[in-house]
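Hello,

Here is the structure I promised to pass on. Have a look at it first, and then read on for what turned up in it.

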Amino acid sequence: MSSTNGLICFTNCLLPTEDGGLVQKDLWIDERRGVILDSQRTFFQRKERPDRIVDLGGNILSPGFIDIQINGAYNFDFSVYEGDDEAYRAGLRRVAENIVETGVTSLLPTIITQERSLYPKLLHLLRPYSAPNSATLLGWHAEGPFIQFAKRGAHAPQFLVSAKEELKSFEDVYGKENLAETEDWLMAGDGLDAVGVRVITAAPEIDGVMPSVEELVRRGIVFSIGHSIASTDIATAAVQRGARLITHLFNAMPQLHHRDPSIIGLLGASPHLSSAQSPTSPTQPQFPKLSSLHRVPSVVKRAAAQEGPKATSEAFDDVQTPPQTPVLRAQEGFELGLQKGKVADLSFERPFYELIVDGIHSHPNSVRLAYSAYPEGCILITDAMKILDPHLKDGVHEWRDGKRFVKDGDKLYLEGTDTLAGSVVTLDKCVRNFSRFTGCSLGEAIRCATFNPARCLGLEHKKGTLRPGADADLVVLDRKGKVLNTWVKGREVWKRAE
């Protein structure tokens, strides 16, 4: 059912605000243009009221969810290319058409470490894509191959590389055209997509990565710190150079240590340590040559490669990384704040951070700890594998390389073992889990799957918001956070069966 004048009014509903609140208010959209409207301005300019009224019965009308890290779903793996472009595109369409049932209206297909010759082809195929009845594919997230061997998770060790030629190494691997400045990259496509996103997850301590960060960021690429053993100094330096995100916090990185909190410690970055007038600073502010710190013997790499790919979540790792202990010196003459409640400004903006809230990758206490430290930076992701499908029954399922999974609820095990192989949690369930784990409101949990990821990607004017002019990508939730129906560009694309 459509509106004769193209205007639709959603009424009797709660709307999430960008600060995590929920307000009772109507929402107008233009289904023909697929955008959200300013109701008052539209009424006074067009002298029209919506012909179609949708009564939501007191439920929640949220911006559509955004998943910025997902490896596959509905039996399609974004990292697997079998030489057929059309078959690959068909897999992308299948994911985009089906994932709307989980409330996701935008996603960022993620590829893990591959044989380097595949990257130019895969990243070209993962250009932004949108269709009338499916979620929007925003671009690509390349997780690897510039990552730390010790924190590789399920990434194939034989394909990990350093960036000895700095930016040129990135261009050689990913393809120069895929790393063009944003406007040039978008223009090289079909010209139909006004938004597009590229994310690179890399370890800043790897040789040649740190000097490349600023130029990658300048070209419009989101740099994310992940699969890394970076110390606090190195992680902070990466953020100061433009790193904007932390990949699946707590996983594939050093555990929080009080002497060197490493990457996790960025959530609680001290304004004094970030200042040039810091009262305490390392006695050696220039960190050692990174390549010498983290070179992995070739014999170790060969042994790992012979084991084959791990049947595990790419985010998991079992390597204990001892923290480095900084030696700090005191300084005098630093002025202290006198106003109660006033926190000194940071010299840089703390990065956003991803959380996989399935109850497997991170303990509920860890989730709450992170959110309490920096709620504005929290982004919920699934990091899901190709087996993600809400309709898939528990039991044994094929993976790859002759291995099989045993699905048990949201958990996956390697057949014949008790080895966890990740999870198949959906983003709407992550939202519900997050509210339960942290004790935050449903509106605050929704923000972590909508406005926060949109802001991280620089899309908050188009996605993840109910601002006038934004895309009318919407999901209707009941008051327990269950998806009732999903709208993309002003048109209903999925509805829960009665």
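Let me start with H248, which is buried, with a relative accessible area of 0%; buried means under 20% relative accessible area, exposed over 50% and partly exposed in between, with a 1.4 Å probe and protein chains only. H248 also has a positive phi of about 25 degrees although it is not a glycine. You will find H248 in the loop between β16 and β17 (280–282); helices (H or I, at least four residues) and strands (E, at least two) are DSSP runs, numbered from the N terminus.

Before going further, a word on what you are looking at. This is a predicted model, in which local features need pLDDT of at least 70 and side-chain atom pairs count only at pLDDT 80 or more, while totals for chains, interfaces and linings use all residues. Residues are numbered from 1 along each chain as its sequence is written, and side-chain values use heavy atoms, with hydrogens and water left out.

Other backbone details

Most residues other than glycine have a negative phi, and most peptide bonds are trans. D383 is another non-glycine residue with a positive phi, near 50 degrees. D383 sits in the loop between β20 and β21 (395–398) and counts as buried at 5% relative accessibility. There is also a cis peptide bond between G144 and P145, with omega about 10 degrees. P145 belongs to the loop between β13 (139–143) and α4 (167–174).

A buried strand

Strand β19 (residues 352–356) has 5 of its 5 residues buried, so it is largely enclosed by the rest of the structure. Both of its faces are covered, with F352, E354 and I356 on one side and Y353 and L355 on the other. Strand β16 (residues 245–246) runs parallel to β19 and is joined to it by 2 bridges; two strands count as paired if DSSP finds at least two bridges between them. In that pairing, L245 stands opposite F352. Strand β20 (residues 378–381) also runs parallel to β19, through 4 bridges, and here I356 faces I381.

The nonpolar cores

Which residues have the most contacts inside the largest nonpolar core? They are Y174, Y353, L355 and F434, in a core of 97 residues. A nonpolar core here is a set of buried Ala, Val, Leu, Ile, Met, Phe, Trp, Tyr and Cys residues joined through side-chain atoms within 4.5 Å. A second, separate core has 18 residues, among them L138, A315, L457 and L459. Leaving aside neighbours within four places in sequence, F434 is in contact (heavy atoms within 4.5 Å) with residues including L355, V357, V367, Y371, C378 and L380.

Two crossing helices

F434 also takes part in the meeting of two helices: P364, V367, R368 and Y371 in α10 touch F434, F437 and T438 in α11. The residues of this contact divide into 5 nonpolar, 1 polar and 1 charged, where Ala, Val, Leu, Ile, Met, Phe, Trp, Tyr, Cys and Pro count as nonpolar, Asp, Glu, Lys and Arg as charged, and the others, Gly among them, as polar. The axes of α10 (residues 364–373) and α11 (residues 427–438) come within 9 Å and cross at roughly 85 degrees. Axes are lines fitted to C-alpha atoms, for helices over the stretch in contact, and angles run from 0 to 180 degrees between N-to-C directions. The two helices are therefore roughly perpendicular to each other, a label for angles of 65 to 115 degrees; under 35 counts as roughly parallel, over 145 as roughly antiparallel and the rest as oblique.

An open sheet

Do also look at the open sheet of 4 strands, which has the order β5-β4-β1-β6 and mixed pairing. β5 (35–37) and β6 (52–55) stand at the edges, each with a single partner strand, so one side of each has no neighbour in the sheet. From one strand to the next, the twist averages 30 degrees. Helix α1 (residues 39–46) packs on the sheet and touches β1, β4 and β5, its direction making about 55 degrees with that of β4. Strands β1 (residues 7–11) and β4 (residues 27–30) pair in the antiparallel sense over 4 bridges, with I8 opposite I29.

Happy browsing, and best wishes
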